[in-house]
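Subject: Handover of a structure

Dear colleague,

Please find below the structure that I am handing over to you.

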There are 2 protein chains.
Amino acid sequence: MTRIAGGLWRKVIAVQVYGANTGVGKTIASTLIGAHFSRRKGPNRWNVNYIKPVSTGPSQEADDRYVNKYAKCRTTTLFQYAEAVSPHIAAEKARSVPSDDHVLAGLSKQLELDAQQTSHSPDVMGFSLVETAGGVLSPGPSGTPQADLFRPLRLPVILVGDHRLGGISATISSCESLRMRGYDVDAVICFKDEKQYGNAEYLQGRFDRMGISTCTLPWIPNLEGCNELDEETAMRDYYDATCQTDALNELADCVIDKHFTRLQDLESLAKRTRQAIWHPFTQHSQIRTDDEILVFDSAHGDHFQVKHTPISIANSDNEKVAPVLYPAFDGSASWWTQGLGHGNSKLSLEAAYAAGRYGHVMFAGATHKPAVELAERLLRGLENPRLRKVFYTDDGSTGVEVGIKMGLRATCKRYGWDGSTEDIGVIGLKGSYHGDTIGAMEASEPSVYNKKVDWYRGRGYWFDYPQVKLRHGRWAVEAPTGMEEAFGPPQYFDELEDVFDIPTRNSSTRYEAYIRKTIDNLIFNQGRKFGALIMEPVLMGAGGMIFVDPLFQRCLVDVVRSYNFSPRSTSPTSLEGSLDWSGLPVVFDEVFVGLNRLGRFSAATFLQVHPDISVHAKLLTGGLLPLAVTCASNSIFEAFLSNSKSDALLHGHSYTAHAMGCHIADQSLEMMDQIKSGMDWQAYQADWTLHQAYVPGAGGLSSGKTQERTSIWSMWSKETVMHLSKLAQVDYVISLGSVLVVSLKDSSGSGYTSNAAIGLRDNMLYNLQREPFGIHSRVLGNVLYLMASMNSRPSHLAAVERVLLGKLD
Amino acid sequence: MTRIAGGLWRKVIAVQVYGANTGVGKTIASTLIGAHFSRRKGPNRWNVNYIKPVSTGPSQEADDRYVNKYAKCRTTTLFQYAEAVSPHIAAEKARSVPSDDHVLAGLSKQLELDAQQTSHSPDVMGFSLVETAGGVLSPGPSGTPQADLFRPLRLPVILVGDHRLGGISATISSCESLRMRGYDVDAVICFKDEKQYGNAEYLQGRFDRMGISTCTLPWIPNLEGCNELDEETAMRDYYDATCQTDALNELADCVIDKHFTRLQDLESLAKRTRQAIWHPFTQHSQIRTDDEILVFDSAHGDHFQVKHTPISIANSDNEKVAPVLYPAFDGSASWWTQGLGHGNSKLSLEAAYAAGRYGHVMFAGATHKPAVELAERLLRGLENPRLRKVFYTDDGSTGVEVGIKMGLRATCKRYGWDGSTEDIGVIGLKGSYHGDTIGAMEASEPSVYNKKVDWYRGRGYWFDYPQVKLRHGRWAVEAPTGMEEAFGPPQYFDELEDVFDIPTRNSSTRYEAYIRKTIDNLIFNQGRKFGALIMEPVLMGAGGMIFVDPLFQRCLVDVVRSYNFSPRSTSPTSLEGSLDWSGLPVVFDEVFVGLNRLGRFSAATFLQVHPDISVHAKLLTGGLLPLAVTCASNSIFEAFLSNSKSDALLHGHSYTAHAMGCHIADQSLEMMDQIKSGMDWQAYQADWTLHQAYVPGAGGLSSGKTQERTSIWSMWSKETVMHLSKLAQVDYVISLGSVLVVSLKDSSGSGYTSNAAIGLRDNMLYNLQREPFGIHSRVLGNVLYLMASMNSRPSHLAAVERVLLGKLD
């Protein structure tokens, strides 16, 4: 239910009033603003609504009555608690603790109702003011700090500064806490008190430099000794006099201006994007209108806030006042990166901490704590006794290039080859994709795509392999067309777990014979040379979400490691129990599949094999910013040692091991570890492994780790996955960890196999009628895939499944 | 003077007490902690010092007297103002506003004195407590928020929470403001008041989850109606009872524990680094001891805080108590990235804002404001009418790869070549270096370094060129050995500006003839094909800080643009005034030289020429994290348009246009623009262009921009640069914008030309005797270079120059 639309309407300006502290005059400020808009001169009449989401204290003394009395606007309180304490205590005492979703939904609905009122009258604009309780991080009823609780709406903020001694600090700090959570602070109000603290002057200068407007308001009448009537008169005079001053006019102008600027930005962004931006992997001639570009206002948790277009509005429930934004589930995990949700305030703070402590500091010849702690955590977590060194790069592609440089050097050195004159290739799998830089591309087989890159020369040999597919509720391992003789007839399994039961499966001999024969042919008949085996374990991403038979990958590693690739070399090719590489260095590209994407820290564990080199990126930072690592064994590392500087690994980005990336990654992996032992993940595992004893609460990191090794499961419900695999339009399904892949049948015979998937994708994006959220997804040919964050809400995933089934059934 | 050592000693624990607000009991907490340590049981006696850097109000009521009375420890107040208001007002009223440096230096000196006291007694540990005034961001005397003012010392923090209503928010916010500035918050103290606000309970849970200890202390005695004597008795009883409770014991244990953990971390990091890290561009066999790895505790402004090693301690002033850290000027601008200084709190906040608003959001098929605004700012700032599209990548190397993909495609398409089968090279300059990924490497000539990368194949032709060098106070343009016939005899210039006066220099004909003859030979005699001209304008970085004659680069562009590279093609090769590319697409790699590194937004303006493709990175984010752009003309962009997806530019990183990077970059470029029109830059320009009228204050952005086009200047003083060029050990000097290059003579004849530069580098790093800061620099062969941030302090640069001259004179 945080799946709500961002709080932005064309004809209604909704703002949220936060206080730098309690007792700073939030309600007085709200009253003044309400009164101002109620009486505001101009082309429009303003329909003013005041909402207090949560109020504590006796209702007859509540803020809404006060505001109503002086501002003459409609007021609403959503949750009222009798005791005048912090909402989290009041709610607990009242034994009525609404969930954050409930509070947020209530507020969202009220704002929507107010907007409806306004929408029907021409020449009327709406102004809705939401007054919070206490300070910006004061707890809401459930205990969640308000700035976090209300973040999904991301209403622009008017912050009421603290006029008292110490108030400068409180005001700036509050503003920082809001900004850190992605809020736009439209303006700061400072009451100019009679004491000589000078807060207003100081704050004005400070906020000017931050580009935030300030509004200085005259001091509140001293009501000491007044009787009730005098008090009322004094306040009424104050409000009457103040609400139409220049200061309030300017404040209102600023709020109105920022509202329309935001609307205008959202309106213009697609057009400006098409003017100034060259998009990745995009055939720009196929983008014909601005509306084809999704404009993101922001994002939170599992959802983007997307600007409505004529298409999405046409798909919305017309009885409602269409807001400007709608929430769309980030179904590609923003190109496979997301692990901890968008706008995660803990990650924001950790990012800021690293920036504040270090900025970026030089790494060559130097070191810092985040880089070391992350490296140690990775080497620990990968549980691969071979991996001992971490090399930092900027992204998956550069990480793979480093992996290739490492592997080739080790091989050439041992076998006495000269890579600068001889053609040394890699061994890989068909359909693999390792990144977009030339070197990473060259490690993939030629295809219609990379062949068009002028400097691309495929350097290697890429194997065929059997694939795993769930068809009609049954897991099948199938050879590609024409390869049945090599790989045998389809094999069927009741449980996905059985596919991964490598020791007891009986195709190894056949696979190994095929692999050995193929390599023999390459070496002896074609005279080819190879420097490394590189592959993505289990699931090949960009190649089309291909689920490779894990047994085949395991056999490939085993054969390569026992093979003598340098017939003239007498060095031993395989040493039982040694951590030295043998045959060829084995490079695992875990950029997509690693670090919990498939439910495990390392995807290599699915194959029960230890690569010599392992590349990680994407989820590494929890999905916040680029960072990559290439982990290597000592035997690879030692191939670069000599007395000559020029034998060193000649790679190093300026931002190598940037402190922010390393610190965020270290924190993200820690946070993901906690999620892994939490109830949600236990439930996912139980759903897929019902025959295993499921002991709620008995998780914990250590027991979770043991389980990790044996169980095979997905965050997507087993029932849905099974159901999907039986639908008429569906060819097959794949599901593992956070990934769900649906391959659609090419039934139309139209030739464009991808049309069906694109249709489904668009259909899900504009699924705004029955359930008010879209689902953003990506397709690869006739395959549509979905991907969750590690902390996606089970209810969000269930809703996505419901929509998907609805569209395909 | 923020050039002070971080506040960390082995035998002294120095902490800073901040309050979540004023009136939260900071002084009571300080007294309790002081009293605790004064009486603390254990193996050590504690020498307790209390320091109040800035105090306001009558001195007889000042905090230091109070603490002294009850805690029985030495107390010191550094700056005392009579009026009981915020220090910034009190100081102004007293007409005595000390600079931040002065306050900080005073505090640093006092801490150092306290440490000296302790150092001489065995079995005595020091505990120094610095109590701040007001809240965490309350202004110091100059108006700078205290948390910013005291940041260079980065003392661990004990935060006193706010027990009052609203105090939860104030406490968490304060903690966030501290963390954002890179502070470690050791513990939060919560006084458990008698009201039922539940702050202590709530905060404990919250901070537990943040890994921060909390300490709940009993409520302060109610002194209402007490006479002075009763009051004193009550408080004494309170302190006596409380200072030895479990809660305070735990607090002290926690502070002690974190101190020793930090020391231990610093001690172990080098060793752990050598175990777990594979460093960039590093021959690990040449690192023989842990002490050769610089350990950075943190960084601020222009300086790293580096852990002392036996070598640095031996170089320090022995009369002082060696602290654990020493400041070292970041003389390579952390591998050429820094623009706005380390730990810039504005950048931290902006980073957190983007993280909080978006996290990272999908960019393919979508857009967001930071990406568009940055793209527009870049296209505007580059002032190149050709550049119309911005393609986002992750770093300079990937940005160059994209530039090459763009250029080659445009050429092959126009000339009907097939890059997948034909060898299409680039034209470049000898000694160029464009990055570490294979594709970027291949655009550079073969050298002892890249030839060892197995997949490297140099693809192109690289020209010789004349170089610019300042020798004996005179600017010379010199041909490389053996090329005098082609390039003519050395040319001498009085001012560097004259070297850049392209229209009036008279070598163009000779240069153009040479270039044309060379290309003729490549095309007609060798049958070579070329797809792009790529070069770093003016200054080639990694190749050895080579200052190329700008006239030569300009001629190369002119010839290439007018040359018909496809003899069979009938298409026009050059159209006067057209924005279409002609001859070959011209790619400028401005990764190092662009975005103000040489004092101008674009280094292309030095050549007065408009490239078709321009690559930018490093300074783009002000030096905080990796992001790169490749800007292109419409004529390049259009070469990728077709009806086929596979003709698109097949490049796209997962984190393409990550919101944090784009937003930080947009903000950084804005901040740098402001710096450019500021007084410091005007003074630099005046220093180098004395014959130009220098009108102080007449800067402003627009006039600054005009000036940008004509003036040639450096942040390093002209006098120093001239002086350096005349020294016996110096071969030549280069200086432009923020860069200073000193090439040393290879006088030793030892064969290892780089020994002299390495000696100078080490000598500057350990320059700790006369002036207490080191200078971290990098060398390339016999060249030592220095590089400033855009906002480096002139006094810091002057100090660096002084040291450099001292070492070489």
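Two strands are said to pair if DSSP finds at least two bridges between them. Helices (H or I, at least four residues) and strands (E, at least two) are themselves DSSP runs, numbered from the N terminus.

This is a predicted model, in which local features need pLDDT of at least 70 and side-chain atom pairs count only at pLDDT 80 or more, while totals for chains, interfaces and linings use all residues. Residues are numbered from 1 along each chain as its sequence is written, and chains are lettered from A and ligands numbered from 1 in the order in which they are written.

Strands

In chain A, strand E12 (residues 387-393) is joined by six bridges to strand E23 (residues 628-633), and the two run antiparallel. Within this pairing, Lys389(A) has Ala632(A) of E23(A) as its bridge partner. A residue counts as buried if 20 or more other C-beta atoms lie within 10 Å of its own, as exposed if 12 or fewer do, and as partly exposed in between, with C-beta atoms placed from the backbone. Six of the seven residues of E12(A) are buried, so this strand is largely enclosed by the rest of the structure.

Pairing also occurs across the two chains: three bridges join strand E11 (residues 366-368) of chain A to strand E8 (residues 294-300) of chain B, and these strands run parallel. There, His368(A) stands opposite Phe296(B) of E8(B).

The two chains

The same surface serves both copies, since 100% of the contact residues of chain A recur in chain B. Here two residues are in contact if their C-beta atoms, placed from the backbone, lie within 7 Å.

In total, 148 residues of chain A are in contact with 148 residues of chain B. The side of chain A that touches chain B has 66 nonpolar, 58 polar and 24 charged residues. In this classification Ala, Val, Leu, Ile, Met, Phe, Trp, Tyr, Cys and Pro are nonpolar, Asp, Glu, Lys and Arg are charged, and the others, Gly among them, are polar.

Two helices

Helix H18 (residues 508-525) of chain A has 18 residues and reaches 25 Å from its first C-alpha to its last, close to the 26 Å expected at 1.5 Å a residue; the expected span is 1.5 Å times one less than the number of residues. Its buried residues are Tyr511(A), Tyr514(A), Ile515(A) and Ile519(A). Seen down the axis of H18(A), they fall within an arc of 120 degrees, so they line one face of the helix; the arc is that of the directions from the helix axis to the C-beta atoms. These buried residues pack against helix H16 (484-487) and helix H19 (550-562) of chain A. The face of H18(A) turned away from its buried side carries exposed residues, including Lys517(A), Asp520(A) and Phe524(A). Just after H18(A), Gly527(A) takes a positive phi of about 65 degrees.

In helix H7 (residues 199-209) of chain B, the buried residues are Asn199(B), Ala200(B), Tyr202(B), Leu203(B), Arg206(B) and Phe207(B). They fall within an arc of 160 degrees when seen down the axis of H7(B), so they too line one face of the helix. Their packing partners are helix H3 (87-93) of chain A together with helix H6 (167-180), strand E6 (185-192) and strand E7 (213-218) of chain B. On the other side of H7(B), Gly205(B), Asp208(B) and Arg209(B) are exposed.

Individual residues

Ile427(A) lies in strand E13 (residues 424-429) of chain A and is buried, with 29 other C-beta atoms within 10 Å. Leaving aside neighbours within four places in sequence, Ile427(A) is in contact with Gly460(A), Tyr461(A), Phe530(A), Leu533(A), Val560(A) and Leu584(A).

Leu595(A) has a positive phi of about 55 degrees although it is not a glycine. This residue is in the loop between strand E21 (586-589) and helix H20 (604-607) of chain A.

Yours sincerely
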